Amino acid sequence: MAKRGGFPGGGMPGNMSNLMKQAQRMQRQMEESQKELETKEFTAKSGGGAVEVTVTGKKEVVRVKLSQEAVDPEDIEMLEDLVMAAANEALHMAEEANAQIMNKMTGGLSLGGGLPF
């Protein structure tokens, strides 16, 4: 009785095997790049340097520096806005670095939904 399905000899064809090896290599490279990114720090300033926020590639705030000029008890809202602006910019920098790594690994290939089949 003839076998149904599968590949002759029970193994994967050469192209499929190579594709799997490439996928595994790419996954290892992505993991290494992600670990490297997580150790990097991204610093952004606002208010002409009055507020400085540093985040890691893991998107964790690790440092906030305030100059004396930024601390005005009469205008707490301004300080809040400056901290928020600097934090958002630093997070954006970390996200951009992550996107560059992903783009380099995938060669610009979009891995999102909307596949054409």
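Select arginine 63 to start: at 33% relative accessibility, this residue counts as partly exposed. The model on screen is a predicted one.

**Stop 1: arginine 63 and its partner**

Arginine 63 belongs to strand β3 and glutamate 41 to strand β1, so the pair ties together parts that are 22 residues apart in sequence. Glutamate 41 is also partly exposed, at 44% relative accessibility.

**Stop 2: glutamate 52 and lysine 45**

Select glutamate 52 and lysine 45. The closest N and O atoms of this salt bridge are 3.7 Å apart. Lysine 45, with a relative accessible area of 56%, is exposed.

**Stop 3: glutamate 95 and lysine 59**

Now select glutamate 95 and lysine 59, which form a salt bridge whose closest N and O atoms are 2.8 Å apart. Lysine 59 sits in the loop between β2 and β3 and glutamate 95 in helix α2, so this pair ties together parts that are 36 residues apart in sequence. Glutamate 95 has a relative accessible area of 37% and is partly exposed. Lysine 59 counts as partly exposed too, at 40% relative accessibility.

**Stop 4: helix α2**

Select residues 76-106, which make up helix α2. How far apart are the end C-alpha atoms of this helix? They are 45 Å apart, which agrees with the 45 Å that 31 residues should span at 1.5 Å a residue.

Within α2, colour the buried residues; among them are Leu79, Leu82, Ala90, Asn98, Ile101 and Met105. To see what covers the buried residues of α2, show helix α1 (14-39) and the strands β1 (41-46), β2 (51-56) and β3 (61-66), which are included in that cover. After α2 comes glycine 107, which has a positive phi, near 65°.

**Stop 5: methionine 30**

Finish with methionine 30, which is placed in helix α1. Its relative accessible area is 22%, so methionine 30 is partly exposed. Leaving out residues up to four places away in sequence, methionine 30 touches Met102 and Met105.

Note on methods
Residues are numbered from 1 along each chain as its sequence is written. This is a predicted model: local features need pLDDT of at least 70, side-chain atom pairs count only at pLDDT 80 or more; totals for chains, interfaces and linings use all residues. Side-chain values use heavy atoms; hydrogens and water are left out. Helices (H or I, at least four residues) and strands (E, at least two) are DSSP runs, numbered from the N terminus. The expected span of a helix is 1.5 Å times one less than its number of residues. Buried means under 20% relative accessible area, exposed over 50%, partly exposed in between (1.4 Å probe, protein chains only). Contact means heavy atoms within 4.5 Å. A salt bridge is a side-chain nitrogen of Lys or Arg within 4 Å of a carboxyl oxygen of Asp or Glu.
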